Amino acid sequence: MPIRARGTRLTYRSLVVTAVAALMTVLLSPAGAQGAARPPENSAQQSGSLKSGPVHSYENAVRESVWVDTGLDGDGNGKSDRVAVDIVRPREPARQGRKIPVIMDASPYYSCCGRGNESQLKTYDIDGRPVRFPLYYDNYFVPRGYAFVAVDLAGTNRSDGCIDVGGRFDVQSAKAVIDWLNGRARGYTTRTGGDRATAGWSNGRTGMIGKSYDGTIANGVAATGVDGLRTIVPISAISSWYDYYFAQGAPLYNSGPDRLSGYVESPEARGRCAAVQQQLVDQAPRTGDLTTLWSDRDYVKDARNVRASVFAVHGMQDLNVRTKHLGQWWDALADQGVERKIWLSQTGHVDPFDYRRAEWVDTLHRWFDHYLLGYDNGIDHEPMADIERHPDQWSTDKVWPPRATHTTTVRPGSGSAPGVGTLALKPARPGATETFTDDPAQSETEWAADLDRTTGAKAGFRTAPLTRDLRLSGSSTVTVTATPTTSTAHLSAVLVDIGPDTVRDYGSSGEGITTLDDRTCWGASTTGDSSCFKVTRADTVTVDRTVISRGWADLGTYALAGHGRPLTPGRAYTITIGLAATDHVVPAGHRLALIVAGTDRDLIEPPESKPTLTLDLARTSAKLPFVGGAGAFVRATAGSAPATATPRAIHSEGVAPPRPAHRIPGGSRT
């Protein structure tokens with residue numbers, strides 16, 4: 001589904017704010033009347049922006065653990081599972097009879113893998129009380145009147161039950177905690193005891209945040225429509241687990257969700273969750289067929305239930321959780337008129353705290369103040385989108401994609417040499433073809449480097465040097481008609497900006513950042529929980545071409561998405577390949593190119609054979625989201641670019657080839 005501008009459907013719904021008396025403490029207590037919130041004593045007025053201030057003691061905060069009953073028996077032991085909930089909250093509000101909102105990060109990584117750029121784990125004292133909460137959310141927000149809640153998903157760390165990789169056990173782990181915060185579920189002071197724990201200190205308003213798997217759970221919980229969840233901040237998050245493991249039937253990894261389950265579950269859970277593990281094997285066949293297991297883990301189809309606002313963040317070069325997840329989720333939310341905001345960076349799978357720290361913390365602070373405290377601080381009227389154009393250089397858009405964005409069909413044509421064709425509005429002549437042979441040893445990096453010469457592993461099509469900048473904003477599709485020589489075939493479609501630039505090196509180990517030794521501090525610290533984190537800088541590389549979007553498919557799914565079938569050699573098949581969402585400006589003097597090829601090394605698994613495929617160019621096309629539509633493309637490709645702006649033939653540097661694909665959402669840096 002291409003991302004599209006939807007006019008007024010993309011604008012924020014106006015927020016009803018509450019008129020209250022002046023308070024002497026951190027929290028407002030909205031009661032539903034309209035009017036601007038007055039600043040309480042702990043807030044600060046900076047450049048007209050109302051912000052909560054750090055007036056509560058972090059050192060003396062309440063630190064406690066509760067086990068919440070999920071109502072499910074994932075491990076089949078005849079008892080309802082309890083998930084561990086570690087809580088840190090300011091002591092003062094409860095003493096004064098006031099209730100506070102919650103920021104929650106529900107994760108499977110608190111004991112196995114760690115959180116953030118420094119892979120922090122939870123720690124506990126000798127009595128099992130929480131000491132360190134990973135990341136800065138607790139240090140920064142607890143003094144400002146929020147509770148921070150870190151939930152161990154079922155089957156991980158100190159929780160009962162079994163991890164089920166995005167299924168109902170995972171989602172219910174967090175949803176049950178929101179229910180408990182709102183008085184609808186049971187909590188206990190211990191994992192096995194009968195002493196009840198209540199959340200009388202909470203007003204029930206909850207915001208979920210997290211990167212990768214954690215943000216995925218936030219998406220899943222929002223898709224249940226649970227009452228009390230006011231906002232989510234999914235960072236590099238999955239929206240459909242099928243699309244994490246497959247691209248239209250083409251396997252993206254050589255393993256399935258059972259490996260991820262085994263990676264994150266607690267040692268204790270491994271002994272009791274064999275049946276759940278086996279289901280993850282049996283119901284997720286490596287054929288790429290779309291089974292009930294995958295439809296149960298598709299949050300996009302349930303976007304109609306979302307009642308929370310959404311602040312989505314993603315790296316446009318994320319090759320772990322690809323931006324297809326962002327694109328289809330964003331479109332579905334737009335269809336439902338959900339209030340939302342977006343940041344798009346040039347990085348790979350990286351948290352905004354590690355590439356735009358000060359701006360991120362400030363924006364997140366105001367976002368939570370607005371949606372959880374009810375502050376009328378104007379963030380809902382600010383530009384919807386922040387987009388990184390060059391390393392550390394950002395632009396904004398009032399609406400994303402811009403309302404002037406229109407899908408335009410461009411078509412490949414034959415050129416002066418085989419495999420080196422043109423890209424224009426005019427269809428190719430009937431009978432025009434290009435041929436390539438799948439070479440699983442090559443990737444998009446090699447294909448892009450060879451765009452100006454004939455090679456056997458790809459077919460490339462490019463415009464002349466542009467006379468004007470040309471912006472793509474949203475998702476693209478490429479429709480291919482191909483005749484294979486074998487019964488199995490995989491296809492890749494790649495958009496490339498041909499021309500010199502300096503970009504974040506998303507192919508490096510840091511995926512666009514370099515971590516330094518200095519630290520900056522964000523909030524209060526204790527002996528066991530520091531608020532100070534290593535700073536980073538942009539890791540850049542000078543390139544002659546930049547891959548801006550890609551997509552893959554098993555040609556055998558031509559007739560029915562998610563259900564492959566053997567191909568008949570010599571027969572032509574037509575399939576439409578969805579490309580990942582992006583926002584990129586191809587500058588004047590550069591060229592826009594489309595590549596169609598076979599296996600994209602380290603990004604999809606190869607088919608059983610190495611087919612030769614013949615493209616019918618007259619029946620092949622790309623639908624691209626140009627800002628300004630077809631007119632913008634015509635203007636950018638008309639005439640001749642100045643000679644000084646014409647890029648030289650490209651046989652030199654690009655971003656490093658993709659590294660072998662991650663097998664868990666988060667990779668080594670969850």
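**Disulfides and packing**

Modeller: Cys-112 and Cys-113 are joined by a disulfide, S to S 2.2 Å; a disulfide here is a pair of cysteine sulfur atoms within 2.5 Å. This is a predicted model: local features need pLDDT of at least 70, side-chain atom pairs count only at pLDDT 80 or more, and totals for chains, interfaces and linings use all residues. Residues are numbered from 1 along each chain as its sequence is written, and side-chain values use heavy atoms, with hydrogens and water left out.

Biologist: What is the handedness of the disulfide of Cys-112 and Cys-113?

Modeller: The torsion about its S-S bond is about -85°, so the disulfide of Cys-112 and Cys-113 is left-handed.

Biologist: How many disulfides does the structure hold?

Modeller: Three. Cys-162 and Cys-273 form one, with sulfur atoms 2.1 Å apart. Cys-162 is in the loop between β8 and α3, and Cys-273 is in the loop between α7 (267-272) and α8, 111 residues apart. Helices (H or I, at least four residues) and strands (E, at least two) are DSSP runs, numbered from the N terminus.

Biologist: Are Cys-162 and Cys-273 buried or exposed?

Modeller: Both Cys-162 and Cys-273 are buried. Buried means under 20% relative accessible area, exposed over 50%, partly exposed in between (1.4 Å probe, protein chains only).

Biologist: And what about Cys-521 and Cys-532?

Modeller: Cys-521 and Cys-532 form a disulfide with sulfur atoms 1.9 Å apart. The torsion about that S-S bond is about 95°, so the disulfide is right-handed.

Biologist: Changing topic. Which side chains make polar contacts with the side chain of Asn-157?

Modeller: Tyr-124 at 3.2 Å and Asp-152 at 3.0 Å. A polar contact is a pair of N or O atoms within 3.5 Å; within protein, one must be able to donate a hydrogen and the other to accept it, and residues adjacent in sequence count only if both atoms are side-chain atoms. Asn-157 is in the loop between β8 (147-152) and α3 (168-181), and it counts as buried at 18% relative accessibility.

Biologist: Which strands does β5 pair with?

Modeller: β5 pairs in the parallel sense with β11 (residues 202-211) over four bridges and with β8 in the parallel sense over six bridges. Two strands pair if DSSP finds at least two bridges between them. Ile-103 stands opposite Gly-207 in β11, and the bridge partner of Asp-105 in β8 is Ala-150.

Biologist: Why is β5 called largely enclosed?

Modeller: Eight of the eight residues of β5 (residues 100-107) are buried, so the rest of the structure largely encloses the strand.
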